[in-house]
Amino acid sequence: MPELALFPAPASAGDERQLPRNIEAEAAFLGAILIDNRVVEDLPVQLQPAHFFEALHGRIFAQAMALIERNSIATPVTLKPFFEGDEAMKAVGGVGYLAQLTGSGAGLIGARDFARQIYDLALLRELVDVGRTLVENALDTSESVDPQAQIEEAETALYKVAGGEAEMGSVKSFSTASLTALQAAERALNSGGHLSGITTGIASVNAKIGGMHNSDLMILAGRPGMGKTSLATNIAYNAAERWRRDSDDGIPPEKNMGAKVAFFSLEMSADQLATRVLAEQSGVSGEALRMGKISKEQFQQLSRAAQELQTLPLYIDDTPGLTIASLRTRARRLQRRHDIGFIIVDYLQLLQGTSKGGDNRVQEISEISRGLKTLAKELNVPVMALSQLSRQVESREDKRPQLSDLRESGSIEQDADMVLFVFREDYYVAAREPKRPVEGDDVKIHAQHEEWAAEMERVFGLAELIVAKSRHGSTGKIRLHFEAKTTKFSDLADESLAYADYE
């Protein structure tokens, strides 16, 4: 491959002339295309007109590609009408320049190398631009300057350069998009016909939503005590464990049904989350674990579980008070370092916005929800954000949540691809326990408590996951089993009951 070349111009030409470029490589590559249009069918990179340093070369490439995509032939003759009035073309001698590009067939031999060099030099120029902007902003010492925000913006710009995205766009042809959709359908078929995304580890949930899909923002909401964080940690463990298991079985990453997980915990510390996961997987009560009230046998169970979790690809960031910009920056770093495929945020209302909009909380939440959706698309991973619900739920006779209960902003519902509510009726029934009867109490008191006990027995250990919004499928309810001792959600033993209440 030719060496990357710099062609410095005289100092009077200005700094822009010092940018990395190889005009000869651009000309040779364009000549190869005009000699044999099939060159563009097998390129190592996705070249765009903006990748060319010489603007005229970018326009020639764009017009040639437009003809090729219409199944026409791109040659100096067919391109000539498009450039007869082009001032830059006149400056290099007129449309005869198109024929000059094909004067040597050398470009055909090294077309792939030239394409890679054009692309790499474009990234270097973009890197120079990011550096200049960073220096200019850092030299600004006015009172309104926010250094942390500048760092986050610079990291965002560098991330785009690393992905080759800066100023190049992300337009996909329908054929590319349809191929991705077909691959998702193949995953669903190979998994048994119901799982096209990342597994939740709960069969009835997978059957309803098809797994968690890349670029989706999922909102998991509920009132305090419903088990939002517990369900999130269950799903995080299940996805990470499936990734490990499929990887050990030699399944390639594109067919792996699990994912490496990043868990941003703004409410609980990393060790508290680890305690929950240990309790869930060992079967030892989380309360007993925290208080040390465990037997030697239970300690051995914990030790075995802890040993198995050593290689679990689950990464916890418990930094408090994150802004949405900081969270996105940290998520990008984690993906670069660990190839993260699933992100959980606990919880949305504890994030802070970056705009200086005063006390407008609705506007701030809107910024946060849009930022989370942007993150899901940018990293092409599912993002699950936990959310609180407003107190108006408690004032209704039926405590089941509704979309209107999402706190502080309708933008959460609008930005989300899926909204899930966790509801446990036994939580509310337990709170209504009447006076416990004692010897000598009235028969009515005994009857009231017996009626309550019967109701409690009916709902104890049952939970509902309500799919209130889904851009990809139907809404409805899934009944799950909830083990309060270990805060673990699982499928009901009697599968016929799981979907009995679908709406």
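**View 1. Ile35 sits in helix α1 (residues 23-35).** Helices here are DSSP runs of H or I with at least four residues, numbered from the N terminus. The model is predicted: local features need pLDDT of at least 70, side-chain atom pairs count only at pLDDT 80 or more, and totals for chains, interfaces and linings use all residues. Residues are numbered from 1 along each chain as its sequence is written, and side-chain values use heavy atoms, leaving out hydrogens and water. Why is Ile35 called partly exposed? Its relative accessibility is 39%, and the class lies between buried (under 20% relative accessible area) and exposed (over 50%), with a 1.4 Å probe and protein chains only.

**View 2. Ile35, Leu108 and Ile109 form a nonpolar surface patch.** Together they have about 310 Å² of accessible area, computed by the Shrake-Rupley method with a 1.4 Å probe, where only the protein chains shown count as cover. Patch residues have over 30% relative accessible area and no salt bridge; nonpolar side chains (Val, Leu, Ile, Met, Phe, Trp, Tyr) are joined within 5 Å, like charges within 9 Å. A salt bridge puts a side-chain nitrogen of Lys or Arg within 4 Å of a carboxyl oxygen of Asp or Glu.

**View 3. Val128 lies in helix α7 (residues 111-138).** Val128 is partly exposed, at 29% relative accessible area. Which residues does Val128 contact, leaving aside its neighbours within four places in sequence? They are Leu19 and Pro20; contact means heavy atoms within 4.5 Å. Pro20 is 108 residues from Val128 along the chain, yet their C-alpha atoms are separated by 9.0 Å.

**View 4. The whole structure holds 6 aromatic pairs.** Phe52 and Phe61 make a tilted pair, because their ring centres are 5.1 Å apart and their planes meet at 40 degrees. Rings of Phe, Tyr and Trp (its six-membered ring) pair if their centres lie within 6.5 Å; planes under 30 degrees apart are stacked, over 60 edge-to-face, and the rest tilted. Phe52 is buried, at 5% relative accessible area. Phe61 is buried too, at 3%. Ring pairs link Phe29, Phe52 and Phe61 into a cluster.

**View 5. Phe482 and Phe489 form a tilted aromatic pair.** The rings are 4.6 Å centre to centre, with 45 degrees between the planes. Both residues are buried.

**View 6. Helix α16 spans residues 361-379.** It has 19 residues and reaches 27 Å from its first C-alpha to its last, close to the 27 Å expected. The expected span is 1.5 Å times one less than the number of residues. Its buried residues include Ile365, Ile368, Leu372 and Leu375. Just after α16, Asn380 takes a positive phi of about 55 degrees.

Methods:
Helix = DSSP H or I, 4+ residues; strand = E, 2+ residues; numbered from the N terminus.
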